[in-house]
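Please have the structure open while reading.

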Amino acid sequence: RSPQKQIGLKSDTFVRSSNNVSFKGNESADNNSFIKWAQETDFIKTQLPEILANPNCKLGSGFSHSAYIIPGNDDYILRTSNMKIQKNYDFENAKIKDTEDKNLNVNIGQEVANIELETEDGFPIRIEVLKKQTGKPIGVPPSQAIYIEETGKLREGEIPYEAIERKEQYASTIHKTAQLPVSAYEKLIDDIRAAEKAGYHFDHLNSNNLLLDEEKGSINLIDMDRNKVPANLGNVLYALTNINYFSTFASQYDPCPMGNEEIGKAIKDTMEITDKFIQAMKNKGEK
């Protein structure tokens, strides 16, 4: 996932002052459910050290950030930069900020708080608390997330853009997306419009910013930019179909060519997604 964008406004700081996790700040903390929960459970002292040290708590890693589950709290996840986890963080004097956007009434995996831990070297670590989203990423991430831009070499732990595993991921997720009802696309449009009103913009260049929740039959948003640029639903369709990857998927000139049957199925799924999304736009009165 891409780094969270900053909006240039300072948030209120809530400083832990005792073992009972008492935070100082204005009354906005009273409306922040994560901060209230952290206070009630003594989260920073009793759980956070173990989460950062336990590899079983790691949800996954991108090229710049890693995400962690919070045992006992299924509403939020933690995200921090990919740096070596130390054992000498000052958990006793942690600072927590309420960064929740009270104008945003839809879940887009947004930050609601951040925790700052001091270290011996004087460079604090910042941990973001994000609303949890459900589902698995649609399609394949852009090549910029897979290769180091300056050298063209694969990032650590990545497989090539044209690898068979990526092609199978692409084909599987767009097929599952194509099976969703039109109502799922209508809800996606509603969520994008609600986020747009609050000043957020969807980055269509990375289809992984859309999560497919098969159990709930929904498409969920993550990693939206703080940007007042109007939403372009054509760009949303671009991401839904992961159409940027199709030429790689259908290429007969790389080491892992797909058969005509698989390519034909991908074309059919792409057209079905397109038809359903356009119908959802019509149902919502969108041009």
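In this predicted model, helix α5 passes helix α6 in a right-handed crossing. Helix α5 covers residues 182–197 and helix α6 covers residues 233–240. Their axes come within 12 Å and cross at roughly 125°. Because angles of 65 to 115 degrees count as roughly perpendicular and those over 145 as roughly antiparallel, α5 is oblique to α6.

On the α5 side, the contact is made by Y185, L188, I189, I192 and R193. These meet L233, V236 and L240 in α6. By class, the contact has seven nonpolar residues, one charged residue and no polar ones.

The aromatic rings are the next topic. The model has nine aromatic pairs, and the table gives two of them.

| Pair | Distance between ring centres | Angle between planes | Class |
|---|---|---|---|
| W37 and F43 | 5.3 Å | 45° | tilted |
| Y185 and F277 | 6.4 Å | 75° | edge-to-face |

Why is the pair of W37 and F43 tilted? Planes under 30 degrees apart count as stacked and those over 60 as edge-to-face, so the rest are tilted; the planes of W37 and F43 stand at 45°. Both W37 and F43 are buried. W37 and F43 also belong to one aromatic cluster with F34 and Y76.

Y185, already named in the contact with α6, pairs with F277. This pair links distant parts of the chain: Y185 lies in helix α5 and F277 in helix α8 (residues 260–283), 92 residues apart. Y185 and F277 are both buried.

Notes. Residues numbered from 1 in each chain as written. Predicted model: local features only at pLDDT ≥ 70, side-chain atom pairs only at ≥ 80, totals over all residues. Heavy atoms only, no water. Axes fitted to C-alpha atoms, helices over the stretch in contact; angles between N-to-C directions. Helix = DSSP H or I, 4+ residues; strand = E, 2+ residues; numbered from the N terminus. Parallel < 35°, antiparallel > 145°, perpendicular 65-115°, else oblique. Left-handed = near helix turned anticlockwise from the far one by under 90°. Contact = heavy atoms within 4.5 Å. Nonpolar A, V, L, I, M, F, W, Y, C, P; charged D, E, K, R; others polar. Phe/Tyr/Trp six-rings, centres within 6.5 Å; stacked < 30°, edge-to-face > 60°. Buried < 20%, exposed > 50% of the residue type's maximum accessible area, 1.4 Å probe, protein only.
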